[in-house]
Amino acid sequence: AERMIYLCPPDGKDFDPEQVELPLLGQLVDLESCSHISFKGITFTQCRQLGDNYHRFGNTGYGAMHPQPDWKYVGEAVRVAWSDHIDFERCTFDQTGGNGLYFERDVRRAAVRRCTFSHVGCKPVVFIGDRVDHPLGCRVEDCHIHHGGDILNYVAGVFCGVSDGIRIAHNHIHDMPHHAINLATNGLGRNY
């Protein structure tokens, strides 16, 4: 009624009122039908959780994490769809309310190298599509992925739904609530 938000820190804890952060955006970057874009050394942080569904509708290979019709999608920091040669190098995904990096549909030759994913609300890295349009020939290499699933905890550090030729190599994945890597119900069977 007063249009005020009150913050009561835990007993005995001090805080600087100028350091209170309230995330407003559910998504920071949305790339669709793009090619040859590189993100280097960028931090993606402080986006908010939008709902309870682990995935967007319209894909396949969700496994047990299939979307519920009466729930809203959780969101992601960065979404890449129908694009090729999108690279993330030495980027940080920290304290994202939903998924970290969501590769969806026909994404070709994307690369995630030497990135850090920490305290991601849902899944740090996702590759998902359907039998016709799906991620192909992408890489997740030399990344540090940890403490994911802060909000929704039936998650993997790297999730591959229907996808093909996804190379997941030389990553340090730990402190995930469910899986390090989940190939879900891929159906194509050629991820490595």
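Buried means under 20% relative accessible area, exposed means over 50%, and partly exposed covers what is in between (1.4 Å probe, protein chains only). By that rule Glu 89 is buried, with a relative accessible area of 17%.

The structure is a predicted model, in which local features need pLDDT of at least 70, side-chain atom pairs count only at pLDDT 80 or more, and totals for chains, interfaces and linings use all residues. Residues are numbered from 1 along each chain as its sequence is written, and side-chain values use heavy atoms, with hydrogens and water left out.

**Overall form**

The protein has 15 strands and zero helices. Both kinds of element are DSSP runs numbered from the N terminus: helices are H or I with at least four residues, strands are E with at least two. The radius of gyration is 17 Å, close to the 16 Å that the globule rule gives for 192 residues, so the protein is as compact as a globular protein of that length. This radius is taken over C-alpha atoms, and the globule rule is 2.2 Å times the number of residues to the power 0.38. Along the principal axes, the C-alpha atoms fill a box of roughly 55 × 40 × 30 Å.

Of the 192 residues, 47% are buried. The accessible surface comes to about 9,800 Å², and carbon and sulfur atoms hold 49% of it. Accessible areas come from the Shrake-Rupley method with a 1.4 Å probe; for residues, only the protein chains shown count as cover.

Contact means heavy atoms within 4.5 Å. Among contacts with a separation of 6 or more, 72% join residues 24 or more positions apart.

There are 18 positive and 24 negative side chains, and the centres of the two sets lie 8 Å apart. Lys and Arg count as positive and Asp and Glu as negative, while His and the chain ends are not counted. Each charge is placed at NZ of Lys, CZ of Arg, CG of Asp or CD of Glu.

**Strand E12 and its partners**

Strand E12 spans residues 156–160, and five of its five residues are buried. Two strands pair if DSSP finds at least two bridges between them. E12 pairs with strand E9 (residues 125–128) in the parallel sense over three bridges; here Val 158 in E12 is the bridge partner of Val 125. E12 also pairs with strand E15 (residues 179–182), in the parallel sense and over three bridges. In that pairing, His 179 in E15 is the bridge partner of Ala 156.

Strand E4 covers residues 76–89 and contains Trp 82. Glu 76 and Glu 89 also lie in E4. Glu 76 is buried, with a relative accessible area of 1%. With the same exclusion of residues up to four places away, Glu 89 touches Phe 39, Lys 40, Gly 41, Arg 113, Arg 114 and Cys 115.

Gly 100 belongs to strand E6 (residues 99–108) and is buried, with a relative accessible area of 0%. Apart from neighbours within four places in sequence, Gly 100 is in contact with Glu 76, Ala 77, Val 78, Phe 93, Val 120, Lys 123 and Pro 124. Its C-alpha atom is separated by 9.2 Å from that of Ser 118, 18 residues apart along the chain.

**Tyr 73**

Tyr 73 is in the loop between strand E3 (43–47) and E4. Tyr 73 is buried, with a relative accessible area of 13%. Beyond neighbours within four places in sequence, the contacts of Tyr 73 include Leu 50, Tyr 54, Arg 56, Asn 99 and Tyr 102. The C-alpha atoms of Tyr 73 and Ile 181 are separated by 21 Å, and the two residues are 108 residues apart along the chain.

Most residues other than glycine have a negative phi. Trp 82, which is not a glycine, has a positive phi of about 45°. Asp 175, in the loop between strand E14 (172–174) and E15, has a positive phi near 55°.

The relative accessible areas of these two residues are set out below.

| Residue | Relative accessibility | Class |
|---|---|---|
| Trp 82 | 35% | partly exposed |
| Asp 175 | 48% | partly exposed |
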